[in-house]
Amino acid sequence: MIFSQNFTKSVIDGSTSAEPYSVASGHLNNDAYLDLVIGTDSGSQVVWYKNNGDATFASGIILSATGPNALSYVESVAIADLNGDGNEDILATSYVNANLVWFENNGDETFQPAVTIATGISGAGMVMTGNIDNDANGYLDIIVLAYEGNSVMYFLGNGDGTFGILRYLVPVTAGSGPGSIDLADYDGDGDLDAVVAFVDNGEIKLYDNELIPNGLDGSGNVPFVAYTNNVDSGNGYLWTVSFADINDDSNLDILKSDNNPGAGNPNIAWYTNDSSGTSTTFTETTLATSITRTAAAVAADINNDGYNDLVITNGRATNADYIWFPSNETGGFDDEIIINDNTSTGFSISIEDFDNDGDLDIAGISYLQDNLVIFLNDIPTVGIQEFANNSLTIYPNPTSDFINFKGLTSETVNVSVFDVLGKEVLKQSLNSNETLDVSKLQKGLYVLKLDDLNETYKFIKE
C-alpha cells in the first residue's frame with residue numbers, strides 16, 4: 001500500500017515559443033524514454049524535446065514549416081508512425097492557415113520539413129489518429145476537427161504517409177463548433193467509436209462506428225451514426241471530452257471538462273450509459289472542484305493502487321493550477337489534492353511514465369507563462385521488477401515482446417491489459433506455462449490484471 005506521494009516540478013523550457021497550446025508525448029528517437037512535442041499559438045511553431053533518460057530533457061528543436069506548408073496558430077499536435085517505417089512522426093494543425101501537416105521522422109533525431117496533408121480545414125483544431133476503418137494492416141487514419149467549419153473530418157491512411165480524400169465523421173452542422181474528440185471501442189463490437197464535444201452549441205454527442213457488422217458504405221465511408229440522445233447539453237465552453245473507465249467497473253465512461261459552466265452546470269462530470277444500444281440515455285455524476293474554469297481533465301492511476309484517479313488543470317490564472325482526485329476504490333473519489341499552484345493555464349497535459357520508474361508523471365504547458373513543465377511523481381515504490389504479491393512475478397520488465405509468469409497455480413488464467421487511461425487493449429486466456437505476447441502494443445506503461453487475483457501489475461512495453 002502507498003501511504004504518501006509528492007510531485008516535484010521541473011521546468012523543461014521556461015521560455016517556449018509564444019503561447020504553447022498543445023503537448024503530446026511519444027518515442028521520437030526509438031529509445032526507451034518518452035519525448036515531448038508542443039504546438040504554439042502566436043509563436044506558430046512545432047518544437048520537440050528529447051528525453052535525456054535522467055528525468056531531464058534537451059533543449060527544444062523547432063521543426064521547419066515554410067511556404068505553402070507554413071503554420072499559423074498551431075492548435076494541436078499528435079505523434080504516430082504514419083508511414084510504417086518504425087519511426088514515430090509528428091502531426092500538426094494550423095488554425096489560421098487552415099491546414100494539416102506532418103513531419104516525417106528520419107530516424108536519426110531529425111525530421112523532414114512539414115508536408116501538407118490537407119488544406120481548407122477552417123479553424124483546424126484537435127488532431128488524432130486511429131484505425132477507424134479496421135484496416136487489416138493496421139494503417140492509421142487521421143481525424144481532425146474543423147472548429148469554424150463546424151465539422152469533423154477524417155482521412156483514411158494508405159500506410160505510406162499518404163492519405164485518401166476528405167471524408168466526414170460529423171458533417172457540417174451550423175453553429176456546432178467541435179472542440180474535442182476521443183476514439184475508443186465504446187460498445188465493445190470491435191471498431192472505434194467517437195465522442196465529440198461541441199463548443200458552440202454546448203453538446204456532447206456519441207457516434208457509433210457501424211463498420212462491424214455493416215462494413216464501409218457504398219462510397220467508401222466509415223459508417224458513423226449518432227446516438228439518439230446527447231451525452232450532455234447546455235455546456236458553456238467545453239474544453240475536453242474523453243473515454244475512460246472513471247468508476248473502475250471495467251466499462252468505458254465519458255469524461256468532460258467545461259471551462260465556463262453556467263449556473264448549476266458542473267465543470268467536471270462523467271457519464272455512464274443507462275442501457276446498451278444507440279438509443280441509450282446517460283447518467284451524469286459530477287465532481288466539485290476548487291477550479292472554476294477547468295481545462296484538461298485526464299483519468300489515470302496516479303498512485304499505483306490499480307484504480308483510475310483524476311488530474312484536472314486550470315484554464316485561467318486564478319485558483320489552484322494542477323489538482324488531482326484519488327479514487328476511493330468504490331467508484332468515487334476522495335478530496336482534491338493540490339499538485340501545483342504556480343503553473344497557470346495548463347491547456348494541455350500528457351500523463352506518462354517519463355522517467356521509467358514505474359509510476360505516472362505529468363507533463364504540461366502554461367499558455368500565459370510560456371512554460372513547458374513536468375511534475376515527477378515521487379511515489380515510494382517497490383520497483384518495477386518485483387511486485388507486492390510475493391506468490392507471482394511477471395518478467396522481464398521492461399519487455400519488448402513477451403511477458404512470463406512465475407508462480408501461477410491455476411491451469412488456465414484470464415489476463416487483461418489496460419493502458420494508462422484504463423482502456424482494455426489486450427485480453428487473453430493462457431495456460432499456466434504460456435507467455436503473453438505484447439509485441440503489438442505501443443511503447444509505454446500498462447497495467448496487467450488476472451481474473452483470479454486481486455492484484456494489478458504494471459509493466460513497460462519498450
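Helices (H or I, at least four residues) and strands (E, at least two) are taken here as DSSP runs, numbered from the N terminus.

A quick word on ground rules. This is a predicted model, where local features need pLDDT of at least 70 and side-chain atom pairs count only at pLDDT 80 or more, while totals for chains, interfaces and linings use all residues. Residues are numbered from 1 along each chain as its sequence is written, and side-chain values use heavy atoms, with hydrogens and water left out.

Back to the overall picture. Taken along the principal axes, the C-alpha atoms fill a box of roughly 60 × 50 × 50 Å. Of the 462 residues, 55% count as buried, meaning under 20% relative accessible area, with exposed being over 50% and partly exposed in between (1.4 Å probe, protein chains only). Contacts (heavy atoms within 4.5 Å) tell their own story: of those with a separation of 6 or more, 47% are between residues 24 or more positions apart.

Now zoom in on strand S16, residues 204-209. Six of its six residues are buried. In a regular strand the side chains alternate between the two faces of the sheet. Here both faces are covered, with Ile 204, Leu 206 and Asp 208 buried on one side and Lys 205, Tyr 207 and Asn 209 buried on the other.

What does S16 pair with? Strands count as paired if DSSP finds at least two bridges between them. Strand S15 (residues 193-198) runs antiparallel to S16 over four bridges, and Val 196 stands opposite Lys 205. These two strands form a hairpin with five residues between them, and Gly 202 in the turn has a positive phi of about 75 degrees. S16 also pairs with strand S17 (residues 224-226), again in the antiparallel sense, over three bridges; there, Tyr 207 has Ala 226 as its bridge partner.

Finally, have a look at Asp 31, in the loop between strand S2 (20-26) and strand S3 (35-40). Asp 31 counts as partly exposed because its relative accessibility is 24%. Leaving out residues up to four places away in sequence, Asp 31 touches Asn 51 and Lys 443. The C-alpha atoms of Asp 31 and Asn 52 are separated by 9.9 Å, and these residues are 21 apart along the chain.
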